[in-house]
Amino acid sequence: MSLQFTLPDGSERTVTVRYALNAGYAGRDTLQVQHHVDELAELGVPAPSRIPTLYPLSASLVGRPEIVQVPHARTSGEAEWALVVGEDDLLLTVACDHTDRALEVHGVAWSKQSAPDLLGDAAWPLGEIEHELDQFTLKAWVRHGDTETLIQDGTLAQLLPPSYWIKELGDRLVPGTVLLSGTIPMIAGVDQFADGWRVELADPRNVVSRIVYNVEQLDPAWD
């Protein structure tokens, strides 16, 4: 899959995706992360063997579908940043990790493989914005019918920075690799099982990279 990104100066960059990696439990506040692990354990979601963790995915899951088709009603997105490794540089864009929540209780890695990782339309050269990443805002909205509701609202200061993963992974970040960051908390009381998602990453000058997609539930299997 080859994806084209628009840079802030208006130029275009095309990257062919070869590898995909999803980070998990990657918040900077380790106590908050452990609390999240404990909450998930109460719901039957197995804890990772290490924190933060990393899930290798099929590169075929990375794309920009306008419609995400799902087998049942318990799937949802997660607002994230994505590091995209080009031939000569690193790009940062918005991402949404759509996940099967029913499958998640049987294995987080399996749930990650069951739905796509969506990337934004715009990207920033990492070297130009790395000094101000903590000021970037990350937001997500869910749509139920005609009503859109904010479900995630934070900044990149809540997540481990790209520099952490660049140091950890080293030579594994070959050209064509896409790394998703892990997500920020969802707003309590908002129904995540929605008809559609909108996710936006914005820099301090209000340059925005966005994702918009609908969720379509497939007919049940024939018995």
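Let me start with N22 and what surrounds it. Setting aside residues within four places in sequence, N22 is in contact with T53, L54, Y55, L57, D97, K112, D117 and L180. This is a predicted model, so please hear every value as computed from that prediction. N22 belongs to strand β3, which covers residues 19-24. Its relative accessibility is 0%, so N22 counts as buried. One of those contacts is polar: the side chain of N22 meets the side chain of D97 at 3.3 Å.

E78 is placed in a loop, the one between β7 (75-76) and β8 (79-85). Is E78 buried or exposed? At 9% relative accessibility, with the cut-off for buried set at under 20%, E78 counts as buried. Its side chain has a polar contact with the side chain of R101, at 3.1 Å. For a sense of the spacing along the chain, E78 and G182 are 104 residues apart in sequence, yet their C-alpha atoms are 7.9 Å apart in space.

Now the aromatic rings. A pair of rings is described by the distance of the centres and the angle of the planes. The count here is two aromatic pairs. In one of them, W124 and F136, the ring centres are 5.1 Å apart and the planes stand at 75 degrees; over 60 is edge-to-face, so that is what this pair is. W124 is in strand β11 (residues 117-125), while F136 is in the loop between α4 (126-129) and β12 (137-144), so the pair ties together parts 12 residues apart in sequence. W124 is buried, at 1% relative accessibility, and F136 is buried as well, at 0%.

The other pair is Y164 and W165. Their ring centres are 5.0 Å apart with the planes at 90 degrees, so this pair is edge-to-face too.

Last, charges over rings. The charged end of R64 sits over the ring of F5, 4.9 Å from the ring centre. The charged end of R198 sits over the ring of W141, and there the distance to the centre is 3.8 Å.

Note on methods:
Residues are numbered from 1 along each chain as its sequence is written. This is a predicted model: local features need pLDDT of at least 70, side-chain atom pairs count only at pLDDT 80 or more; totals for chains, interfaces and linings use all residues. Side-chain values use heavy atoms; hydrogens and water are left out. Rings of Phe, Tyr and Trp (its six-membered ring) pair if their centres lie within 6.5 Å; planes under 30 degrees apart count as stacked, over 60 as edge-to-face and the rest as tilted. Helices (H or I, at least four residues) and strands (E, at least two) are DSSP runs, numbered from the N terminus. Buried means under 20% relative accessible area, exposed over 50%, partly exposed in between (1.4 Å probe, protein chains only). A charge sits over a ring if NZ of Lys or CZ of Arg is within 6 Å of the ring centre and within 35 degrees of the ring normal. A polar contact is a pair of N or O atoms within 3.5 Å; within protein, one must be able to donate a hydrogen and the other to accept it, and residues adjacent in sequence count only if both atoms are side-chain atoms. Contact means heavy atoms within 4.5 Å.
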